[in-house]
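User: Hi! Could you walk me through this one? I'd like to start with what you mean by your terms.

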Amino acid sequence: MEVRDKIIERAGELMLQYGIRTVTMDDISRDLGISKKTIYQYFKDKKELYLYLLDLAEQEQIQVVSSLLQQQFGDFWKFLEAMSKAELDFQKAHPLYHAFL
């Protein structure tokens with residue numbers, strides 16, 4: 001796994017566990033055993049890192065909804081049921097992404 005991917009994954013996990021406001025770039029660098037300078041090579045600040053995580057979550061959610069929209073449903077209630085199930089499945093499969101949405 002690339003350094004950037006490790007930063008993204010671990011930052012998201014830490015923000016989920018301790019809260020977005022609580023986690024600092026120092027926390028992320030210390031946890032990963034890398035310098036803050038390394039993180040800043042990829043993200044100019046914590047806000048940019050958070051916005052990137054938010055964008056990833058939104059893109060994943062869009063894919064889920066798009067796949068449902070391509071299916072044919074007999075009526076609105078079946079569509080609503082499928083959307084609800086997809087949302088629950090998304091939450092279970094991606095707790096980190098769901099927390100950012």
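Analyst: Happy to! Buried means under 20% relative accessible area, and exposed means over 50%. One thing to keep in mind is that this is a predicted model.

User: Good to know. Which residues are buried in α4?

Analyst: In α4, the buried ones are L49, L53, L54, A57, Q61 and L68.

User: And how far apart are the end C-alpha atoms of α4?

Analyst: They are 34 Å apart. Helix α4 has 24 residues, 46–69, and at 1.5 Å a residue it should span 34 Å, so the two values agree.

User: Nice. What caps the N-terminal end of α4?

Analyst: That's D45. One of its side-chain oxygens sits 3.3 Å from the backbone nitrogen of K47.

User: OK, switching to packing. At what angle do α1 and α4 pack?

Analyst: Helix α1, residues 3–18, packs against α4 at about 90°, and their axes are 10 Å apart. Angles of 65 to 115 degrees count as roughly perpendicular, and therefore α1 and α4 are described that way.

User: Which residues meet there?

Analyst: From α1 you have R4, I7, I8, A11, G12 and M15, and they meet K46, L49, Y50, Y52, L53 and L56 in α4. By class, this contact of α1 with α4 has nine nonpolar residues, one polar and two charged.

User: Let's move on to I39. Where is its place, and is it buried or exposed?

Analyst: I39 is in helix α3, residues 36–42. Its relative accessible area is 0%, so I39 is buried.

User: What does I39 touch?

Analyst: Not counting residues up to four places away in sequence, I39 touches I7, M25, I28, S29 and I34. I7 is also one of the α1 residues that meet α4.

User: Tell me about S29, then. Is it buried or exposed?

Analyst: S29 lies in helix α2, and it counts as buried because its relative accessibility is 6%. Leaving aside neighbours within four places in sequence, S29 is in contact with I34, S35, K36 and I39.

User: Last one: what about G33, buried or exposed?

Analyst: G33 is exposed, because its relative accessible area is 66%. You'll find G33 in the loop between α2 (25–32) and α3.

Note on methods:
Residues numbered from 1 in each chain as written. Predicted model: local features only at pLDDT ≥ 70, side-chain atom pairs only at ≥ 80, totals over all residues. Heavy atoms only, no water. Helix = DSSP H or I, 4+ residues; strand = E, 2+ residues; numbered from the N terminus. Expected span 1.5 Å × (residues − 1). Buried < 20%, exposed > 50% of the residue type's maximum accessible area, 1.4 Å probe, protein only. Polar contact = N/O pair within 3.5 Å; in protein donor to acceptor, adjacent residues only side chain to side chain. Axes fitted to C-alpha atoms, helices over the stretch in contact; angles between N-to-C directions. Parallel < 35°, antiparallel > 145°, perpendicular 65-115°, else oblique. Contact = heavy atoms within 4.5 Å. Nonpolar A, V, L, I, M, F, W, Y, C, P; charged D, E, K, R; others polar.
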